[in-house]
Amino acid sequence: MPLYEHVFLARQDVTSQQVEAMVDQYKAVIEQNGGKVEKTEMWGVKSLAYRIKKNRKAHFTMFNLDAPAPAVAEMERQMRINEDILRFMTIRVEELETEPSVMMQKRDRDERKDRERRERDGGGYESEGEEA
């Protein structure tokens, strides 16, 4: 079966639980039509480069799909109907990435930097408090 990477953007004012419900719904569509979702990554709420339907931010989610074209077409059809989906894009790929995507690697790197900064700053405050 062909392999795809699919990213969709949901409105910023929907909750994380609603986004998870959408993920489950679209996974079910793919599975009912003979495909499977190899990996799902929720990238979180990110700023958009420009406003889309009056939204400045959106929930980003990525699927790695191993599915026939009609399954992907049905999922896209249902996304077009859903008012909470701002945009989506499906790209056919030669092979699926098994490691975390670049977006997830960036988030991990940013969290690690924040943690290191807090530890460094926190350590400085503790030593000042001990001296006083």
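I take buried as under 20% relative accessible area, exposed as over 50%, and partly exposed as in between (1.4 Å probe, protein chains only). This is a predicted model, where local features need pLDDT of at least 70 and side-chain atom pairs count only at pLDDT 80 or more, while totals for chains, interfaces and linings use all residues. Residues are numbered from 1 along each chain as its sequence is written, and side-chain values use heavy atoms, with hydrogens and water left out.

**Entry 1**

I began with Arg109, which is partly exposed because its relative accessibility is 40%. I found Arg109 in helix 3 (residues 102-131); helices are DSSP runs of H or I with at least four residues, strands are E runs with at least two, and both are numbered from the N terminus.

**Entry 2: salt bridges**

I looked up five salt bridges in the structure, each a side-chain nitrogen of Lys or Arg within 4 Å of a carboxyl oxygen of Asp or Glu. One of them pairs Arg11 with Asp84 at 3.0 Å, N to O. That pair links distant parts of the chain, 73 residues apart: Arg11 lies in strand 1 (residues 3-11), Asp84 in the loop between helix 2 (69-81) and strand 4 (85-93). I also noted Asp13 with Arg11 at 3.3 Å, N to O. Asp13 is exposed because its relative accessibility is 53%, whereas Arg11, at 27%, is partly exposed.

**Entry 3: a buried pair**

Lys39 and Glu41 form a salt bridge at 3.3 Å, N to O. Lys39 counts as buried at 17% relative accessibility, and Glu41 counts as buried at 5%.
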